[in-house]
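Me: I have a model open and would like to talk through a few spots in it. Can we start with the strand pairing?

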Amino acid sequence: ESILFEARENGLIMNDGEIAAMAVAELEVDQEGRPVEDVQGYLKTNVKDWWSAALADVTGGDSYGIAHAVLKTGSFTLIAQMGNLPEPASEYYYEGWIVRREGSLAVLSLGRLQKTENGYALVYLTDADLSDHDFFVLTLESDDGNPAPGEHILEGILK
């Protein structure tokens with residue numbers, strides 16, 4: 001609890017006001033973007049010079065993750081891997097988001113995570129410059145058709 005409190009105070013994870021704002025924000029639409037169906041090949045990518053985010057479990061649980069992103073030759077790529085996530089009930093799924101917190105809030109869904117042999121993963125490709133979206137959020141979503149972000153599970157700043 002004290003670690004999460006300190007992380008919120010230092011802006012490393014979202015505070016209650018930001019979470020509430022994200023839940024009602026108008027969602028961005030990226031006409032150029034697409035989640036990758038077969039993530040396995042991307043998980044071996046050399047991400048040495050990419051921005052990275054260690055993803056903290058904001059529920060107080062023991063899930064973890066890492067996200068990497070790069071803008072190179074006009075293409076933005078994000079690769080995220082998560083471990084120790086509980087298997088969601090059949091009517092739930094995990095979804096990845098990137099958020100611009102500076103200036104006007106901007107929220108973009110990256111799509112559903114895929115189950116892999118080592119946990120869950122997400123790969124997102126676009127020709128749009130999303131380098132100002134420097135915050136990654138993993139949510140648990142109800143399969144109810146509501147596009148708003150659900151319960152925050154993992155969060156981190158891409159640096």
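Me: What stands opposite Tyr-64 in S4?
Reply: Tyr-64 has Gly-83 across from it in S4, where strands are DSSP runs of E with at least two residues, numbered from the N terminus, as helices are from runs of H or I with at least four. This is a predicted model, in which local features need pLDDT of at least 70 and side-chain atom pairs count only at pLDDT 80 or more, while totals for chains, interfaces and linings use all residues. Residues are numbered from 1 along each chain as its sequence is written, and side-chain values use heavy atoms, with hydrogens and water left out.

Me: And how many bridges do S3 and S4 share?
Reply: Strand S3 (residues 64–72) and S4 pair in the antiparallel sense over nine bridges, pairing being called when DSSP finds at least two bridges between two strands. Their hairpin has two residues between the strands, and Thr-73 there takes a positive phi near 45°.

Me: Which residue does Met-82 bridge to in S8?
Reply: The partner of Met-82 is Tyr-120, and S4 and S8 pair in the antiparallel sense over seven bridges.

Me: Switching topic, is His-133 buried or exposed?
Reply: His-133 is buried, because its relative accessibility is 4%, and the cut-offs are under 20% relative accessible area for buried, over 50% for exposed and partly exposed in between (1.4 Å probe, protein chains only). His-133 sits in the loop between strand S8 (119–126) and strand S9 (135–142).

Me: What does His-133 touch away from its sequence neighbours?
Reply: Beyond neighbours within four places in sequence, the contacts of His-133 (heavy atoms within 4.5 Å) include Glu-28, Ile-98 and Leu-158.
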